[in-house]
Amino acid sequence: MKKAIKVFGTASLLVCTSFLMNSCNSQSGDAATETTVTAPAKDSMPMAAEPATAKLTDPEIASIAVTANQVDIDYANIAKTKAKNPEVLKFASTMAKDHQAVIDKAVALVTKLGVTPQDNATSQSLMSGAADTKTMLNSKSGADFDKAYVDNEVAYHKAAIDIVENTLIPNSSNAELKSLLESALPLFKEHLAHAEMVQKSLK
């Protein structure tokens, strides 16, 4: 493979954050081509600090993808202990299961390629924003928590779809990484539709 895919990690991630964690600065294979991308506007990536324009390599793109998945698993785990609405609990369980499956695929790809995770400014920004969101969610209870969790899920999935579709996929050079992102996109769109359905039921 021309490019080593480094997945940034803090747990076991698909492309970043909570999907594959544990930073490592080494990269195997030929040097990855850098691609200049513009980070999404602050209001388009809810609960995350706005990263500056940065040059992202395929390993960093993979890290960003993984992080986004782990972040949503973390939100779902909070919901599974605090949510009271049966539909919210069901949704949270689905999020934890589906995003873990994406992470597992990412881990398998990284293992196949024999590379190590790589952290970057964008994945760090996602993790920082997630910490703030988790603090907010943990401060709420009952119906207030259910609404806050689902509202965040709608906004978060809109932002995730945007960055995967318009930034990560177009700028991925590694064919297997691009394929992994493309296969995850329809799932994220299903999650958004599900979140919006639950959101309407709470009003």
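Val-102 is found in helix α3. Helices here are DSSP runs of H or I with at least four residues, strands are runs of E with at least two, and both are numbered from the N terminus. Val-102 is buried, with a relative accessible area of 6%. Buried means under 20% relative accessible area, exposed means over 50%, and partly exposed lies in between, with a 1.4 Å probe and protein chains only. In sequence, Val-102 and Ala-65 are 37 residues apart; in space, their C-alpha atoms are 9.6 Å apart.

This is a predicted model, in which local features need pLDDT of at least 70, side-chain atom pairs count only at pLDDT 80 or more, and totals for chains, interfaces and linings use all residues. Residues are numbered from 1 along each chain as its sequence is written, and side-chain values use heavy atoms, leaving out hydrogens and water.

**The chain as a whole**

The protein chain has 6 helices and 2 strands. From the N terminus, the order is α-β-β-α-α-α-α-α. Of the 203 residues in the protein chain, 53% are buried. The accessible surface of the protein chain is about 8,900 Å². Carbon and sulfur atoms hold 52% of that surface. Accessible areas come from the Shrake-Rupley method with a 1.4 Å probe; for residues, only the protein chains shown count as cover.

Contact means heavy atoms within 4.5 Å. Among contacts in the protein chain with a separation of 6 or more, 77% join residues 24 or more positions apart.

Two packed helices are described by the angle between their axes and the distance between the axes. Axes are lines fitted to C-alpha atoms, for helices over the stretch in contact, and angles run from 0 to 180 degrees between N-to-C directions.

| Pair | Axis distance | Angle |
|---|---|---|
| α2 (residues 58-82) and α3 (residues 86-113) | within 8 Å | roughly 150° |
| α3 and α5 (residues 142-171) | 11 Å | about 40° |
| α3 and α6 (residues 175-202) | within 11 Å | roughly 175° |

Take α2 and α3. Their axes cross at roughly 150°. That makes α2 roughly antiparallel to α3. Angles under 35 degrees count as roughly parallel, over 145 as roughly antiparallel, 65 to 115 as roughly perpendicular and the rest as oblique. The crossing of α2 and α3 is left-handed. A crossing is left-handed if the near helix is turned anticlockwise from the far one by less than a right angle, and right-handed if clockwise. Residues making the contact include Val-66, Ile-73 and Ala-76 of α2, and Leu-89, Met-95 and Val-102 of α3. By class, the contact of α2 with α3 has 11 nonpolar, 6 polar and 2 charged residues. Ala, Val, Leu, Ile, Met, Phe, Trp, Tyr, Cys and Pro count as nonpolar, Asp, Glu, Lys and Arg as charged, and the others, Gly among them, as polar.

Next come α3 and α5, which pack at an angle of about 40°. That makes α3 oblique to α5. The crossing of α3 and α5 is left-handed. On the α3 side, the contact is made by Val-88, Phe-91, Ala-92, Met-95 and His-99. On the α5 side, Asp-146, Tyr-149, Val-150, Glu-153 and His-157 take part. The residues of this contact of α3 with α5 divide into 6 nonpolar, 2 polar and 2 charged.

Then there are α3 and α6, whose axes cross at roughly 175°. That makes α3 roughly antiparallel to α6. The contact of α3 with α6 has 14 nonpolar, 4 polar and 5 charged residues.

Asp-58 lies in helix α2. At 1% relative accessibility, Asp-58 counts as buried. Asp-58 and Leu-177 are 119 residues apart in sequence, yet their C-alpha atoms are 7.8 Å apart in space.

Asn-152 belongs to helix α5. It is buried, at 2% relative accessibility.

Lys-200 sits in helix α6. Lys-200 is exposed, with a relative accessible area of 65%. Lys-200 and Val-150 are 50 residues apart along the chain, and 9.8 Å separates their C-alpha atoms.
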